[in-house]
There are 2 protein chains.
Amino acid sequence: MSEMEKYVAGLLDRARQASRALAIAPTAKKNGALTKAAARIEAQSAKLLAANAEDVKAAQAAGIPAAMVERLTLNAKRVKEMADGLRQVVALGDPVGEVLADWTRPNGLRIEKIRVPIGVILMIYEARPNVTADAAALCLKSGNAAILRGGKESLRSNMAIQSVMAEALAEAGLSSDCAQMVNTPDRAVMDLLLRAEGKIDLAIPRGGEGLIRAVMEKARIPVIKHYKGVCHSYVDASADLDLAEKVCLNAKLQRPSVCNAMETLLVNAKVAKEFLPRIAAKLKAAGCELRGDERSRRIVPAMNPATEEDWSTEYNALILSIRVVDSLEEAIEHIARYGSQHSDAILTRDESAGREFAARVDSAAVFINTSTRFNDGAQFGFGAEIGISTDKLHARGPMALPELTTYKYIVHGNGQVRD
Amino acid sequence: MSEMEKYVAGLLDRARQASRALAIAPTAKKNGALTKAAARIEAQSAKLLAANAEDVKAAQAAGIPAAMVERLTLNAKRVKEMADGLRQVVALGDPVGEVLADWTRPNGLRIEKIRVPIGVILMIYEARPNVTADAAALCLKSGNAAILRGGKESLRSNMAIQSVMAEALAEAGLSSDCAQMVNTPDRAVMDLLLRAEGKIDLAIPRGGEGLIRAVMEKARIPVIKHYKGVCHSYVDASADLDLAEKVCLNAKLQRPSVCNAMETLLVNAKVAKEFLPRIAAKLKAAGCELRGDERSRRIVPAMNPATEEDWSTEYNALILSIRVVDSLEEAIEHIARYGSQHSDAILTRDESAGREFAARVDSAAVFINTSTRFNDGAQFGFGAEIGISTDKLHARGPMALPELTTYKYIVHGNGQVRD
């Protein structure tokens with residue numbers, strides 16, 4: 001066994017041991033750890049900022065892009081937000097122990113279906129130190145031991161945050177191994193972790209498509225992922241055009257860099273001549289580049305031509321592809337062909353069109369007369385979000401605490417045997 | 001593109017197309033197809049038996065083991081059972097469309113969480129032709145298109161069953177591509193299918209550990225599996241020994257070849273001297289080989305010695321490993337170390353011991369004072385079972401129709417936008 005294999009084996013064994021105790025830890029103990037961690041993060045703000053300053057300096061020296069350095073950078077306000085984030089998790093209900101079903105069979109067997117933690121969760125993310133505290137807290141509250149593996153640029157910050165949280169865990173009477181940080185950016189460690197079948201119960205990668213694809217290529221453990229958000233808004237023939245304009249502008253402009261922002265606007269031919277010029281003007285005024293198909297460019301000639309590739313591109317930027325369609329059917333087919341099963345909206349006053357769109361569009365969330373930007377744990381009222389799943393298995397859409405759990409059956413008998 | 005790649009691409013495209021229509025098919029239509037399939041299977045029994053006779057002849061000529069030939073063989077009674085199985089699926093409730101949650105946010109957005117089909121499911125199984133009808137029916141009722149890949153020895157039988165079902169699907173107004181059979185035993189086709197990311201939503205392999213491991217090695221698509229059942233019964237210090245004897249004999253003897261049969265008996269030292277001789281005598285009388293640790297062999301010297309390997313072995317046969325433990329704690333640790341997270345039982349009159357065992361043993365189903373043999377869809381009252389999952393993600397324990405579904409969110413608004 002190489003030194004690296006030994007390191008990973010130790011990490012995994014400690015995580016499993018910690019997860020077994022954590023799985024049956026009372027809510028008060030978990031909340032105690034989170035409350036203490038919040039206080040310690042605030043109290044040790046200077047230590048965290050010093051570690052972060054080193055990361056930032058190294059990143060700048062390495063010529064890391066400014067946007068990435070920005071996400072990497074902590075300041076007093078962000079440290080405070082990190083602590084407040086932990087307190088918000090304290091306020092959330094504990095999903096563990098919830099009775100999902102309880103029934104009695106004719107032979108007298110009573111069967112309970114109980115929500116339990118998943119076990120050991122590997123969180124993989126990019127250079128955003130706040131995710132360390134956030135992910136550790138959500139795993140802890142849901143009774144799972146976390147193995148955290150953040151972007152290499154943020155390693156010093158992450159180690160500092162983890163060490164503060166470890167103190168709080170110990171103070172609250174929980175194992176500090178409930179939230180371990182992978183202490184090396186070595187990719188070989190990641191490869192070993194992703195092949196730790198039976199040792200890690202779930203991996204959740206958070207980041208760009210490149211990171212996700214790299215994880216999927218290596219993983220032999222279950223992964224819940226979020227590939228990309230190629231989100232559509234379809235303006236139906238019967239749409240209230242004022243409402244449609246307001247919603248589409250919001251879907252594109254309110255925060256174009258995120259996964260649930262609109263990337264393609266589909267407009268029914270019956271309203272295209274009225275709708276396209278007015279929304280195009282507002283989008284252009286907001287600095288948005290428009291890429292249209294031939295029919296939309298006949299109506300708004302100032303648009304750039306859209307290529308076949310545009311229809312399946314997640315711009316994450318102020319760019320919008322636009323297409324005129326002849327029917328609801330054509331809109332649904334376009335989304336089936338090019339969409340990413342993330343968030344898609346219809347704008348319509350026709351209830352049956354809304355129903356049909358919602359039934360036939362195979363996305364995590366379908367929106368009727370509202371913005372795709374609402375596909376979000378906080379907006380759904382979940383109070384926390386560890387990611388948005390574009391998978392269909394186990395969890396779909398916003399993932400909060402219940403999505404970090406599984407269930408077990410407990411069968412109570414008094415000597416029943418099978419015939 | 002090779003001929004084989006073209007064949008697989010066609011199979012996948014047809015499955016996706018079929019799944020989209022099937023996902024919104026009304027219950028009556030799906031039930032109609034199943035009812036017609038049952039009638040056609042009975043009416044065309046001679047055709048099915050003729051195809052099966054060829055499979056059996058070839059299998060015998062190839063020197064396939066007798067037990068496998070037995071599972072492969074159809075007769076009039078088994079054909080009738082296959083048809084009755086389809087009728088049982090008709091009688092089950094349709095899980096699709098169930099409203100799992102429905103709430104309204106402060107901004108007026110109404111969010112529905114609706115049960116929907118998963119999409120395209122790949123069923124992989126061994127040479128048991130009845131699984132073809134069974135799996136196709138469960139996928140159909142839950143709104144999923146099935147791609148069926150049975151053992152090569154049963155290919156003629158499977159093709160005949162599939163063709164009869166395809167006629168029924170068409171007659172009922174559904175696409176015959178709702179249940180496609182892979183028409184070649186070529187392993188390269190299987191490899192292509194297991195790498196069809198985004199084209200197949202879920203693979204469910206059913207069979208021995210070798211099959212499952214081969215699937216896991218190749219798969220880049222989600223798999224729900226069942227590795228093995230190393231099931232324990234722990235006789236606590238406070239157990240009712242008459243009840244414990246009855247339950248343990250049932251867990252071991254009633255059907256030793258299946259996954260939920262007991263493989264290891266753990267007995268608390270306080271009752272071992274009384275309990276072990278009496279149960280050992282009955283097990284031996286039933287032809288069961290006993291393999292004990294040193295302490296149990298001091299009490300019942302006629303046992304064979306258990307090796308370290310025995311504790312993690314799924315015998316699927318009339319063999320039982322036996323160990324004396326000093327405490328509930330030691331029993332729980334033994335199960336954590338050697339168990340397969342399938343089905344484990346405690347026999348006790350001490351309620352707190354039962355609660356602790358149920359909370360700490362991390363298995364799909366935990367049994368208190370009853371037999372592990374009850375871990376089964378029919379016994380749980382699910383009315384159908386497509387397998388028992390030892391995974392923790394998406395589905396755990398017996399998998400029935402609801403476990404073949406996922407969910408989507410439908411968000412109803414009237415122009416809400418995000419601030």
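Two strands pair if DSSP finds at least two bridges between them. Helices (H or I, at least four residues) and strands (E, at least two) are DSSP runs, numbered from the N terminus. The model shown is predicted: local features need pLDDT of at least 70, side-chain atom pairs count only at pLDDT 80 or more, and totals for chains, interfaces and linings use all residues. Residues are numbered from 1 along each chain as its sequence is written, while chains are lettered from A and ligands numbered from 1 in the order in which they are written.

**View 1. Strand 13 of chain A meets strand 16 of chain B.** Strand 13 of chain A covers residues 365-368. Four bridges join this strand to strand 16 of chain B, and the two run parallel. A:Val366 has B:Ile410 as its bridge partner in strand 16 of chain B.

**View 2. The side of chain B that touches chain A.** Contacts (C-beta atoms, placed from the backbone, within 7 Å) link 49 residues of chain B with 48 residues of chain A. Helix 10 (241-253), helix 14 (351-360), strand 13 (365-368) and strand 16 (405-412) of chain B each supply at least two residues of this side. Strand 16 of chain B gives the largest share, seven residues.

**View 3. An open sheet in chain B.** Four strands lie in the order 5-4-3-6, with parallel pairing. Strand 5 (179-181) and strand 6 (202-206) of chain B are the edge strands, each pairing on one side only.

**View 4. Strands 4 and 5 of chain B.** Strand 4 (residues 145-149) pairs with strand 5 in the parallel sense, over three bridges. B:Ala146 stands opposite B:Ala179 in strand 5 of chain B.

Key:
Two residues are in contact if their C-beta atoms, placed from the backbone, lie within 7 Å.
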